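Visitor: I have a few residues I would like to ask about. Could we look at the structure together?

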Amino acid sequence: MSALALAALVASVAFSSPVPVSPVGESAGRPLVEQADLVEGAWLQFRGPGGERLVRIGEDGSAAPVGLPPQLRDERLRVSPLQNGWTVAVDRYLPPARAGEFCCKEIEEPEPEEPGCCDDWVIAEHSPRGRWVVVQVLPHSRGNRSWVSEPVERRGRIELAWGEPYEEAVRVTAAPLGQPLGPPRIARHVLPHVGAGAVSVSVKHRALYEVAEYGPDVVGSSEPEYIVERELYGNGRFGPVHVLRSPLLYQRGTYFTLPDGSELDLYSAGDFKLLIARRAPFASGFEHSHLVLPESEGSPEESVAQSFSGRLLITSEAKVPPGSEHELIAAVAVSAAGIPAPARTIEHQPESSYRYFAGAIGDRGEWLVASSPYDGGPLWLHPSSPHCAYGQRQIKMTLAAVSREDPMPVISVGRSGIFHVAWVDDHNRLQSASVRVLCARR
């Protein structure tokens, strides 16, 4: 193909007709939640009549409801797909026999009358055959400040940890997939003889790592002097110590873990500039920062999506240049090495746009942003592909009208590069459609 013919190709889309999914219940402003499955399709979570609902989206845009056990219908439901077709869900659950009990006897914050102190964390496993095979309560998980980690699967076994932010006793357990979790082991003190200000557990390189924060300001301002990471095994033992000391810890950035164990830190600094820095796997500091977006008026508002391979898509809106009333809405793709591509303008409004945006990026660098007006109306798609020229294209989805009450679309993309867009229509029904980004002649 000649260079002239190649330049005539621009990013476009091909999408399926919207598929009605289910009536939506009273969401009280809660957004939809969608995430790609690690094998194919996506999971869509929303509030329906009678509690939380879960739907499996196929690669063709089809929708199949997934029944939830009664213990998994609270709005704090969290779904975690695994590599081999299994899916783990965790949620907070209050047994009927415990309703009305007073459980906040020794908790000063939040206030004793605030709900949640009597709830337990519940874990459930969904098999590749479509059945919930394990539903069990995590012991010693009661209390509205307790947390539970993302699960990991290693050599056919699931591992999970839970605890409280300011207690160094972290519980961890493991079991073969589809089998009840065994009694938890307790891991204490990431660093012997040194008290941590806060602890949590994250997933890196398909393993659990306990993260402990140290420093005089950690409790009051969430700005640790340094952090320590150690792999946490299912038997409660720790791996080697990894220490991170960096001025970026004081920037309150957002961290994104990559498949190789490295991290990308997205943060704002100086004159409201958005920057990104990379940390090599378990390095003691960050590499040089790269500017993502130039100076703007006020702190830029952004949303970030991550691909399986670690790429990021940052969608941001800000007044550019500073002092003007012009609002620029742009998307920036960031490689797994932490290097931003040129910003692509999605919309350039003469005044504040009051629009909602959601984006997703595929493993090969193709991305798609869906947008809708704040007061409902048409749904627009903004595509980009590294294989064709970029044009500021706004493609209107036919037969797609977004609800005034729930105007925010959601979007995800799977390993095969198929995007899944979902939204609430003007009849209060959840709709879904599959979208491909392709190159079309200008």
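Visitor: Is Ala341 buried, partly exposed or exposed?
Guide: Happy to start there; keep in mind that this is a predicted model. Ala341 has a relative accessible area of 35%. Buried means under 20% and exposed over 50%, with partly exposed in between. Ala341 is therefore partly exposed.

Visitor: Which residues does Ala341 contact, leaving aside its neighbours within four places in sequence?
Guide: Ala341 sits in the loop between β26 (327-334) and β27 (344-349). From Ala341 to Ala331, 10 residues apart in sequence, the C-alpha to C-alpha distance is 9.5 Å. Once the neighbours within four places are set aside, Ala341 is in contact with Val332 and Ala333.

Visitor: Thanks! Now Glu231: is it buried or exposed?
Guide: Glu231 belongs to strand β18 (residues 226-232). The cut-off for buried is under 20% relative accessible area. Because Glu231 has a value of 13%, Glu231 is buried.

Visitor: Which side chain makes a polar contact with the side chain of Glu231?
Guide: Beyond four places in sequence, Glu231 touches several residues, among them Tyr209, Arg154, Arg237 and Phe238. A polar contact needs N or O atoms within 3.5 Å. At 2.6 Å, the partner of the Glu231 side chain is the side chain of Arg154.

Visitor: What is the area of the nonpolar surface patch that includes Tyr374?
Guide: Tyr374 is in the loop between β29 (367-373) and β30 (377-384). Its relative accessibility is 47%, so Tyr374 counts as partly exposed. Together with Tyr354, Tyr356 and Met408, Tyr374 makes a nonpolar surface patch of about 430 Å².

Definitions and conventions:
Residues are numbered from 1 along each chain as its sequence is written. This is a predicted model: local features need pLDDT of at least 70, side-chain atom pairs count only at pLDDT 80 or more; totals for chains, interfaces and linings use all residues. Side-chain values use heavy atoms; hydrogens and water are left out. Helices (H or I, at least four residues) and strands (E, at least two) are DSSP runs, numbered from the N terminus. Buried means under 20% relative accessible area, exposed over 50%, partly exposed in between (1.4 Å probe, protein chains only). A polar contact is a pair of N or O atoms within 3.5 Å; within protein, one must be able to donate a hydrogen and the other to accept it, and residues adjacent in sequence count only if both atoms are side-chain atoms. Contact means heavy atoms within 4.5 Å. Patches are made of residues with over 30% relative accessible area and no salt bridge: like charges are joined within 9 Å, nonpolar side chains (Val, Leu, Ile, Met, Phe, Trp, Tyr) within 5 Å. Accessible areas come from the Shrake-Rupley method with a 1.4 Å probe; for residues, only the protein chains shown count as cover. A salt bridge is a side-chain nitrogen of Lys or Arg within 4 Å of a carboxyl oxygen of Asp or Glu.
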